[in-house]
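Here is a friendly walk through one protein model, meant to be read with the structure open beside you.

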Amino acid sequence: MYQFFIEPFEVKEEHIIITGSDVNHIKNVLRMRAGEKIAAVCEAEGRKYVCEIQNMEEESIFCRILSAEESNTELSAKIFLFQGLPKGDKMELIVQKAVELGCFEIIPVVCKRCVVKLEEKKRKSRVERWQSISEAAAKQSMRQIIPHVHDVMSFAEALSYASDMSVRLIPYERAVNMPETKKWLESVRPGEKIAVFIGPEGGFEEAEIEKAKEAGVMPITLGRRILRTETAALTILGWLMYELESMEKEV
């Protein structure tokens with residue numbers, strides 16, 4: 001079943017009226033017809049509606065509500081991914097998979113070893129592109145929210161933004177002691193904010209690691225092998241998702 005995001009004003013007593021860009025997507029891309037079912041999530045209400053398409057007009061689609069329930073696809077903690085800007089289209093992959101794995105926010109970060117240099121105009125269009133990928137991934141993975149992709153931050157700004165978060169981790173190729181990594185991952189608890197810092201292709205400079213440590217960010221290891229930036233991000237997000245989902249099942 002395809003899922004779409006709606007605003008509170010689009011929800012009526014027994015119907016949902018879909019407007020905006022999703023109208024063209026439903027009619028002309030998916031070629032859906034009256035009688036087919038869709039899921040509509042109202043992010044502001046935290047509710048998911050299962051609906052049946054009834055009527056399609058030029059700028060709106062009328063759907064009958066079949067059922068409504070509280071949406072429960074979100075992790076019990078909020079994960080903030082601070083991603084050092086990678087080359088090429090790797091950021092698009094990272095955004096897509098981070099959203100699928102339950103990331104709450106994605107913050108692109110300019111680090112010392114970043115090769116990519118984005119001018120203001122290009123940066124704005126890139127962020128808009130990443131946000132559209134986040135929305136598409138949220139629909140595909142049945143998320144309750146569309147994770148926000150921030151404007152690009154400097155490393156110092158990123159550390160400041162993460163300063164009030166409960167758990168702050170920075171995978172680093174020179175870090176050792178996997179049991180320590182395991183301990184930190186198992187320490188996460190529902191309701192916490194978790195910051196994860198991932199370096200660009202060249203990794204973090206030692207000076208950046210020192211600044212992170214001074215700010216209370218804990219260097220951890222992801223194993224004995226050197227991982228690509230996109231692999232590192234998805235590895236730790238996968239581990240965190242597992243830990244948080246396991247806690248929920250135990251409860």
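## Pockets, packing and a few residues

The lining of the second largest pocket is made up of seven nonpolar, three polar and five charged residues. Before going further, please keep in mind that this is a predicted model. The second largest pocket holds a volume of about 210 Å³. Its lining counts 15 residues, and Phe5, Ile6, Glu7, Glu10 and Glu135 are the ones nearest its centre. Strand β1 (3–6) and helix α1 (21–29) each give at least two residues to this lining.

The largest pocket has about 370 Å³ of space. Glu173, Ile226, Leu227, Arg228 and Ala232 are the closest to its centre among the 22 residues that line it. By type, the lining of the largest pocket divides into 10 nonpolar, six polar and six charged residues. As background, rolling a probe the size of a water molecule over the atoms shows where empty space is left.

Now for the whole chain. The protein has seven helices and 12 strands, and its C-alpha atoms fill a box of roughly 60 × 45 × 30 Å along the principal axes. Of its 251 residues, 47% are buried. Among contacts with a separation of 6 or more, 74% are between residues 24 or more positions apart.

How do helices α2 and α3 meet, and at what angle? Helix α2 (residues 90–100) packs against helix α3 (residues 120–140) at about 35°, and the two axes are 8 Å apart. The crossing of α2 past α3 is right-handed. On the α2 side the contact is made by Met91, Glu92, Val95, Gln96, Val99 and Glu100, while α3 brings Arg129, Trp130, Ile133, Ser134, Ala137, Ala138 and Gln140. Seven nonpolar, three polar and three charged residues make up this contact between α2 and α3.

Next come some single residues, with their relative accessibility side by side.

| Residue | Relative accessibility | Class |
|---|---|---|
| Gln83 | 0% | buried |
| Leu75 | 12% | buried |
| Leu222 | 13% | buried |
| Gln144 | 16% | buried |
| Met142 | 26% | partly exposed |
| Arg31 | 57% | exposed |

Is Gln83 buried or exposed? Gln83 counts as buried because its relative accessibility is 0%. This residue belongs to strand β6 (residues 78–84). Beyond its neighbours within four places in sequence, Gln83 is in contact with Met91, Ile94, Ile107, Pro108, Val109, Ile198, Gly199, Thr229 and Ala233.

Leu75 sits in the loop between β5 (61–70) and β6. Its C-alpha atom is 8.8 Å from that of Glu248, although the two residues are 173 residues apart in sequence. Not counting residues up to four places away in sequence, Leu75 touches Leu101, Gly102, Met241, Leu244, Glu245 and Glu248.

Leu222 is also a loop residue, placed between β12 (218–220) and α7 (229–250). With a relative accessible area of 13%, Leu222 falls under the 20% cut-off and is therefore buried. The C-alpha atoms of Leu222 and Ile236 are separated by 7.6 Å, and the pair is 14 residues apart along the chain. Leaving aside neighbours within four places in sequence, the contacts of Leu222 are Pro171, Met178, Leu227, Ala232, Ile236 and Trp239. Leu227 and Ala232 are also among the residues closest to the centre of the largest pocket.

The loop between α3 and β8 contains Gln144. What does Gln144 touch, not counting residues up to four places away in sequence? The list is Phe5, Val41, Glu43, Gly46, Ser71, Asn72, Thr73 and Glu74. Phe5 is also one of the residues nearest the centre of the second largest pocket.

Met142 lies in the loop between α3 and β8 (148–149). Its phi is near 60°, a positive value in a residue other than glycine. Arg31 is not a glycine either, yet it has a positive phi of about 55°. Arg31 is placed in the loop between α1 and β3 (37–42), and with 57% relative accessibility it counts as exposed. For context, most residues other than glycine have a negative phi.

Key
Residues are numbered from 1 along each chain as its sequence is written. This is a predicted model: local features need pLDDT of at least 70, side-chain atom pairs count only at pLDDT 80 or more; totals for chains, interfaces and linings use all residues. Side-chain values use heavy atoms; hydrogens and water are left out. Axes are lines fitted to C-alpha atoms, for helices over the stretch in contact, and angles run from 0 to 180 degrees between N-to-C directions. Helices (H or I, at least four residues) and strands (E, at least two) are DSSP runs, numbered from the N terminus. A crossing is left-handed if the near helix is turned anticlockwise from the far one by less than a right angle, and right-handed if clockwise. Contact means heavy atoms within 4.5 Å. Ala, Val, Leu, Ile, Met, Phe, Trp, Tyr, Cys and Pro count as nonpolar, Asp, Glu, Lys and Arg as charged, and the others, Gly among them, as polar. On a 1 Å grid over the protein atoms alone, a cavity is a set of points where a 1.4 Å probe fits but cannot get out, and a pocket is an open set with protein on both sides within 12 Å along at least five of seven lines; lining residues have an atom within 4 Å of a point. Grid points are joined across faces, edges and corners, and a volume is the space filled by probe spheres set on the points. Buried means under 20% relative accessible area, exposed over 50%, partly exposed in between (1.4 Å probe, protein chains only).
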